[in-house]
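Please have the sequence and the 3D view open while reading.

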Amino acid sequence: QVQLVESGGGLVQAGGSLRLSCAASGRTFSSYAMGWFRQAPGKEREFVAAITWNGGSTYYAGSVKGRFTISRDNAKNTVTLQMNSLKPEDTAVYYCAATPFRTSYTGSYLSLSAHYDYWGQGTQVTVSS
C-alpha cells in the first residue's frame with residue numbers, strides 16, 4: 001500500500017512558479033508510476049502529468065506542456081511537479097496519485113484517473129491575474 005502527501009501549493013501571481021512535492025510511504029514506491037491531476041471548482045478532475053517507475057518516460061497534458069516538469073527521486077520516495085509560467089486557469093486543487101507497475105505504459109493509459117489506486121489529499125494552487 002502507498003500513502004501520498006502533497007505539499008507546496010499556495011497563492012502566486014500569473015507568470016510565477018510553484019513547486020509541488022508528493023511524499024510517498026511504503027517500500028514499493030519505486031514500482032509505481034506516478035501522476036499529477038488537478039480539479040478546479042465546478043470541473044472534473046483532469047490529468048496534468050505522469051512519470052514511469054524509473055523516470056524514463058514522462059507525459060503531459062497539452063495545456064501544461066512546456067511549462068510544467070514532473071520528476072521523481074526513488075531514493076527519497078518523492079515526486080515533484082515544477083510549475084512555471086503559471087496562468088489563472090491553472091488554479092485548482094492538485095492531487096498526486098500512484099498506479100501499479102506495468103511492463104509498459106502509454107500516455108493514454110496514464111492520463112486516466114481510473115487507473116490510479118492511491119491518491120493524496122490534494123494541495124491548493126491559486127494563480128492570481
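Does Tyr32 count as buried or exposed? At 10% relative accessibility, Tyr32 counts as buried, where buried means under 20% relative accessible area, exposed over 50%, and partly exposed in between (1.4 Å probe, protein chains only). The model is predicted, so local features need pLDDT of at least 70 and side-chain atom pairs count only at pLDDT 80 or more, while totals for chains, interfaces and linings use all residues. Residues are numbered from 1 along each chain as its sequence is written, and side-chain values use heavy atoms, with hydrogens and water left out.

**Aromatic pairs**
- Rings of Phe, Tyr and Trp (its six-membered ring) pair if their centres lie within 6.5 Å, with planes under 30 degrees apart counted as stacked, over 60 as edge-to-face and the rest as tilted; by this rule there are eight aromatic pairs.
- Tyr32 and Tyr118 are edge-to-face, because their ring centres are 5.9 Å apart and their planes stand at 75 degrees.
- Trp53 and Phe101 also form an edge-to-face pair, at 6.2 Å centre to centre and 70 degrees between the planes.
- Trp53 is partly exposed, with a relative accessible area of 36%, and Phe101 is partly exposed, at 45%.
- Ring pairs link Phe37, Phe47, Tyr95, Tyr116 and Trp119 into a cluster.

**Charges over rings**
- A charge sits over a ring if NZ of Lys or CZ of Arg is within 6 Å of the ring centre and within 35 degrees of the ring normal.
- The charged end of Arg45 sits over the ring of Trp119, 4.6 Å from its centre.
- Arg72 lies over the face of Phe29, at 4.6 Å from the ring centre.
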